[in-house]
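Please work through the exercises below with the sequence and the model in view. Each task is followed by a worked solution.

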Amino acid sequence: MFTINQIKEAHSKVKSGADFPNFIKELKQIGVIGYETFVADGHTIYKGEQGFTLQTEPKYTQLEVVEISNKAQFINDLRNHQNGKTDYPTFCSDCAASGIVKWEVNLQQMTCVYFDKAATEILVEKIPNA
């Protein structure tokens with residue numbers, strides 16, 4: 001199974017959302033089938049075959065996720081990030097300000113789903129193949 005060090009190595013190459021497809025490709029190569037990232041502190045739970053999971057430590061100081069989501073603002077911030085205009089910490093802060101509590105990536109279906117505090121799907125995106 002994969003290790004936290006393998007995940008960190010793949011993630012170290014991500015400078016903006018524009019790098020996301022290559023990150024996904026590397027995760028798939030090491031055996032990750034999905035993951036959940038939590039905006040409040042940046043920890044992620046990575047999932048592998050046969051119920052295997054690894055959880056990372058928090059990545060930053062706790063962010064306050066607003067109660068009411070703002071889908072339009074979130075989509076604007078996401079597009080900026082995907083176009084390389086913001087770094088990862090900025091994107092996480094933007095998510096918190098737009099009410100995004102987490103995102104779930106499914107590498108078998110190649111989707112990324114963003115959720116608010118009420119567990120409502122705010123956006124479902126198809127992940128482009130790298």
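The exercises that follow concern a predicted model.

**Exercise 1. Overall architecture**

Task: State how many helices and strands the protein chain holds, and in what order the elements run.

Solution. Step 1: the protein chain contains 4 helices and 6 strands. Step 2: read from the N terminus, the order of the elements is α-α-β-β-β-α-α-β-β-β.

**Exercise 2. Overall dimensions**

Task: Determine what radius of gyration the protein chain has and how that value stands against a compact globule.

Solution. Step 1: for 130 residues, a compact globule would have a radius of gyration near 14 Å. Step 2: the protein chain has 14 Å, so the value agrees with that of a compact globule. Step 3: along the principal axes, the C-alpha atoms fill a box of roughly 40 × 25 × 25 Å. Step 4: of the 130 residues, 42% are buried. Step 5: among contacts with a separation of 6 or more, 46% are accounted for by residues 24 or more positions apart.

**Exercise 3. Strands S1, S2 and S3**

Task: Describe how strand S2 pairs with strand S1 and with strand S3.

Solution. Step 1: strand S1 covers residues 34-38 and strand S2 residues 44-47; the two pair in the antiparallel sense over 4 bridges. Within this pairing, glutamate 36 stands opposite isoleucine 45. Step 2: S1 and S2 form a hairpin with 5 residues between them, and glycine 42 in the turn has a positive phi of about 80 degrees. Step 3: S2 is also joined to strand S3 (residues 53-55) by 3 bridges, and these strands run antiparallel. Here lysine 47 stands opposite threonine 53. Step 4: the hairpin of S2 and S3 has 5 residues between the strands, with glutamine 50 taking a positive phi near 55 degrees.

**Exercise 4. A salt bridge of glutamate 36**

Task: Identify which residue forms a salt bridge with glutamate 36, and decide whether the two partners are buried or exposed.

Solution. Step 1: the structure holds 7 salt bridges. In one of them, lysine 102 pairs with glutamate 36, and their closest N and O atoms are 2.5 Å apart. Step 2: this pair links distant parts of the chain, since lysine 102 belongs to strand S4 (residues 100-106) and glutamate 36 to strand S1, 66 residues apart. Step 3: lysine 102 and glutamate 36 are both buried. Step 4: a network of salt bridges links Glu36, Lys47, Lys102 and Glu104.

**Exercise 5. Two further salt bridges**

Task: Locate the partners of lysine 117 and of glutamate 125, and classify the accessibility of lysine 117 and glutamate 125.

Solution. Step 1: lysine 117 forms a salt bridge with glutamate 67, the closest N and O atoms being 2.9 Å apart. Lysine 117 lies in the loop between strands S5 and S6, and glutamate 67 in the loop between S3 and helix H3, so the pair ties together parts 50 residues apart in sequence. Step 2: lysine 117 has a relative accessible area of 35% and is therefore partly exposed, whereas glutamate 67, at 59%, counts as exposed. Step 3: glutamate 125 forms a salt bridge with arginine 79, with 2.7 Å between the closest N and O atoms. The pair links strand S6, which holds glutamate 125, to helix H3, which holds arginine 79, across 46 residues. Step 4: glutamate 125 has a relative accessible area of 14%, so glutamate 125 is buried; arginine 79, at 35%, is partly exposed.

Technical notes. Residues numbered from 1 in each chain as written. Predicted model: local features only at pLDDT ≥ 70, side-chain atom pairs only at ≥ 80, totals over all residues. Heavy atoms only, no water. Pairing = 2+ DSSP bridges. Salt bridge = Lys/Arg side-chain N within 4 Å of Asp/Glu carboxyl O. Buried < 20%, exposed > 50% of the residue type's maximum accessible area, 1.4 Å probe, protein only. Rg over C-alpha atoms; globule rule 2.2 N^0.38 Å. Contact = heavy atoms within 4.5 Å.
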